[in-house]
Amino acid sequence: PFLEFDRTEYAILAYYVFMVVWITELLHAISLFVVAYTVELWYFQAEKSSGAACCGLCRAYCVGVEHHLGTLVCGAFLISMLRFARMAIGVFARQASDTENPVGECLGFFCSCVVDCFTRWLEYVN
């Protein structure tokens with residue numbers, strides 16, 4: 001075979017995949033924070049002055065990294081963990097529907113709905 005891996009190399013590969021997903025979710029959370037913070041600056045500064053806030057994006061990135069990075073990292077970690085849980089439950093639900101077992105199909109659908117609902121709530125809170 002062209003590629004042969006032992007258990008340690010599979011663990012390292014899984015670690016790298018998880019870290020890529022986690023960092024991607026973190027960057028997404030930071031970008032959402034920056035947009036929300038910049039809109040907040042614009043909305044409340046528009047009443048007081050005639051222009052927009054000076055350097056709003058830079059200010060939003062600084063506030064996000066200095067004051068809210070822990071919350072954004074924790075939320076990104078939970079969302080990335082739930083992404084893998086959703087994939088695992090999706091495989092379980094697909095296998096249950098292939099066997100044409102109505103109880104397994106119902107349980108798989110229920111589990112995927114619960115995880116999807118929790119993921120959407122967590123993304124909203126984060």
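The legends below describe close-up views of one predicted model. Residues are numbered from 1 along each chain as its sequence is written, and side-chain values use heavy atoms, with hydrogens and water left out. Because the model is predicted, local features need pLDDT of at least 70 and side-chain atom pairs count only at pLDDT 80 or more, while totals for chains, interfaces and linings use all residues.

Figure 1. The chain has 4 helices and 0 strands, in the order α-α-α-α along the sequence. Helices (H or I, at least four residues) and strands (E, at least two) are DSSP runs, numbered from the N terminus. The C-alpha trace spans about 65 × 40 × 20 Å along its principal axes. The radius of gyration of the chain is 21 Å, whereas a compact globule of 126 residues would have one near 14 Å; this radius is taken over C-alpha atoms, and the globule rule is 2.2 Å times the number of residues to the power 0.38. Of the 126 residues, 22% are buried. Buried means under 20% relative accessible area, exposed over 50%, and partly exposed in between (1.4 Å probe, protein chains only).

**Figure 2. The salt bridge between E25 and R83.** A salt bridge is a side-chain nitrogen of Lys or Arg within 4 Å of a carboxyl oxygen of Asp or Glu. Side chains of opposite charge can pair when their charged atoms come close. By the salt-bridge rule the count comes to 3. In the bridge between E25 and R83, the closest N and O atoms are 2.2 Å apart. E25 lies in helix α1 and R83 in helix α3 (residues 69–98), so the pair ties together parts that are 58 residues apart in sequence. E25 is buried, at 9% relative accessibility, and R83 is partly exposed, at 37%.

**Figure 3. A network of salt bridges linking R86, D116 and R120.** The side chains of R86 and D116 meet at 4.0 Å, N to O. R86 belongs to helix α3 and D116 to helix α4 (residues 102–125), so this bridge ties together parts that are 30 residues apart in sequence. D116 also meets R120 in a salt bridge, at 3.3 Å, N to O. Both D116 and R120 lie in helix α4, 4 residues apart, about one turn of the helix. R86 is partly exposed at 40% relative accessible area, D116 is partly exposed at 23%, and R120 is exposed at 58%.

**Figure 4. Aromatic rings, including the pair Y43 and F44.** The structure holds 9 aromatic pairs. The ring centres of Y43 and F44 are 5.1 Å apart and their planes stand at 85 degrees, so the pair is edge-to-face. Rings of Phe, Tyr and Trp (its six-membered ring) pair if their centres lie within 6.5 Å; planes under 30 degrees apart count as stacked, over 60 as edge-to-face and the rest as tilted. Y43 sits in helix α1 (residues 7–48). Y43 is partly exposed at 48% relative accessible area, and F44 is partly exposed at 44%. Ring pairs also link F18, W22, F77 and F84 into a cluster.

**Figure 5. A nonpolar patch on the surface.** F2, L3, F5, Y10, L13 and V17 form the patch, with about 690 Å² of accessible area together. Patches are made of residues with over 30% relative accessible area and no salt bridge: like charges are joined within 9 Å, and nonpolar side chains (Val, Leu, Ile, Met, Phe, Trp, Tyr) within 5 Å. Accessible areas come from the Shrake-Rupley method with a 1.4 Å probe; for residues, only the protein chains shown count as cover. L13 lies in helix α1 and is partly exposed, at 43% relative accessibility.
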